[in-house]
Amino acid sequence: MRIYRETMNGIPVRALPDVGVPPELQTKILTAITAARIRRLRNEFVATGFAFGIVIAAATASISRLVVEIRSSSIVGYLRLLISDSDIVFGNFREYLYGILESLPVGSIVFALTSVLLLLGAVAFLQALMHARRLSIRRGMPRQAAA
Amino acid sequence: MDERDDVDLIRAYRKGDERSFETLVARYVGPIYRFAFRIVRNARDAEDVSQEVFLKTWKHLNRFDVSKSFKAWIFAIARNASIDFVRKKDPLTFTSLERDAGDEGDRYAFDVEDWRPLPDEIVARMQDAEALDGALAEISPNARAVILMHDGEGLTFQEIADAVHEPMNTVKSRYRRGVESLKAHFAGRHEGAS
């Protein structure tokens, strides 16, 4: 308190002449934030779209490779055996099961499953972005601007 | 008007309620604009700075530590934005004012108490208030920012120091130096009048 009496003639800073706040400032700020939000969503949208394209390509390639490997592996023969000689299969089920497991193209299956999961994740993220973007665009001008 | 406090609004915003941020803007747009105006001394520039402050706040709100004071945080953003603006716009004046303010030593820091402003009722002479406004414009932007944050907004030295990431003694030192400059300004004014 002493400082105000002695140095500022007892005038608190709170009593400085009022500075009128421009009435449209709040609207300007909210509009700028809405624009920034839409810009950020657009960038995320483009990046996700790009990632989506890569994941689709990877998923297609991995599934094609998986199909080719399954066709060329002995797994098809094992499955045919199950239909044609099921009594032999059930009589030697453990060996049959090991045979099938050994013939599975595990690497391709893991790769295909991973790419499919990534694809599903990208779809979900893209949907969330589209939802957020719809909200931002629908809102357009902020609440204060409309009032 | 939304009665929720700042932290509740920030928590709601983080949960997806974007209207909460609009409430924060409505709550702080006036104080931030006035603060920026007193640093940059121009309505148009103060508008630009205010807009920048709220954009930065929005961008970094998810990183804000809710255990700290939001008010101190947003005023620290405003202080940095305003001082950067002054520095860019008028580097020569800025440098000379900061040089006049001396180095950032702590020689003033230890005898500064946490003064509170006098009640508004005692203020009757608007001429003096205008003179104080003019005097504030003459001191360094850094010292001005501390005086405005401490005396104008009621932030403690500790809150200011935490928010601007500077030692408390540096903040106190700036405050004290600013007040000394104002004292010199008023002393000169009274000598001139007599």
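User: Which residues have the most contacts inside the largest nonpolar core?

Analyst: A nonpolar core is a set of buried Ala, Val, Leu, Ile, Met, Phe, Trp, Tyr and Cys residues joined through C-beta atoms within 7 Å. A residue is buried if 20 or more other C-beta atoms lie within 10 Å of its own, exposed if 12 or fewer, and partly exposed in between, with C-beta atoms placed from the backbone. In this predicted model, the largest such core has 57 residues, and those with the most contacts inside it are I32(B), A36(B), I74(B), F75(B), A78(B) and I160(B). Domain 1 (1-89) and domain 2 (91-194) of chain B both contribute residues, so this core lies between them; the domain bounds come from an automatic or database domain assignment.

User: How are the numbering and the limits of the model to be read?

Analyst: Residues are numbered from 1 along each chain as its sequence is written, and chains are lettered from A and ligands numbered from 1 in the order in which they are written. Because the model is predicted, local features need pLDDT of at least 70 and side-chain atom pairs count only at pLDDT 80 or more, while totals for chains, interfaces and linings use all residues.

User: What does F75(B) touch?

Analyst: Two residues are in contact if their C-beta atoms, placed from the backbone, lie within 7 Å. Leaving aside residues up to four places away in sequence, F75(B) touches F35(B), M149(B), E153(B), L155(B) and A163(B).

User: Why is helix α7 of chain B described as largely enclosed?

Analyst: Helices (H or I, at least four residues) and strands (E, at least two) are DSSP runs, numbered from the N terminus. In helix α7 (residues 141-152) of chain B, 12 of the 12 residues are buried, so the rest of the structure largely encloses this helix. M149(B) is among the buried residues of α7(B). After α7(B) comes G154(B), with a positive phi near 75°.

User: How is the packing of α1(B) and α2(B) described?

Analyst: Two packed helices are described by the angle between their axes and the distance between the axes. Axes are lines fitted to C-alpha atoms, for helices over the stretch in contact, and angles run from 0 to 180 degrees between N-to-C directions. Here the axes of helix α1 (residues 6-14) and helix α2 (residues 19-40) of chain B come within 7 Å and cross at roughly 145°. The contact is made by D6(B), L9(B), A12(B) and Y13(B) of α1(B) with S20(B), F21(B), T23(B) and L24(B) of α2(B).

User: Is A81(B) buried or exposed?

Analyst: A81(B) counts as buried because it has 23 C-beta neighbours inside 10 Å. This residue belongs to helix α4 (residues 70-89) of chain B. A81(B) touches V49(B), E52(B) and V53(B), not counting residues up to four places away in sequence. The C-alpha atoms of A81(B) and E52(B) are separated by 7.4 Å, although the two are 29 residues apart along the chain.

User: Where does R41(B) lie?

Analyst: R41(B) is in the loop between α2 and α3 (43-60) of chain B. Although not a glycine, R41(B) has a positive phi of about 65°.

User: Where is confidence lowest in chain A?

Analyst: pLDDT is the predictor's confidence in each residue, from 0 to 100. Chain A averages 79, and 80% of the residues score at least 70. Confidence in chain A is lowest in helix α7 (residues 143-146), at a mean of 41, and highest in helix α2 (residues 25-72), at 89.
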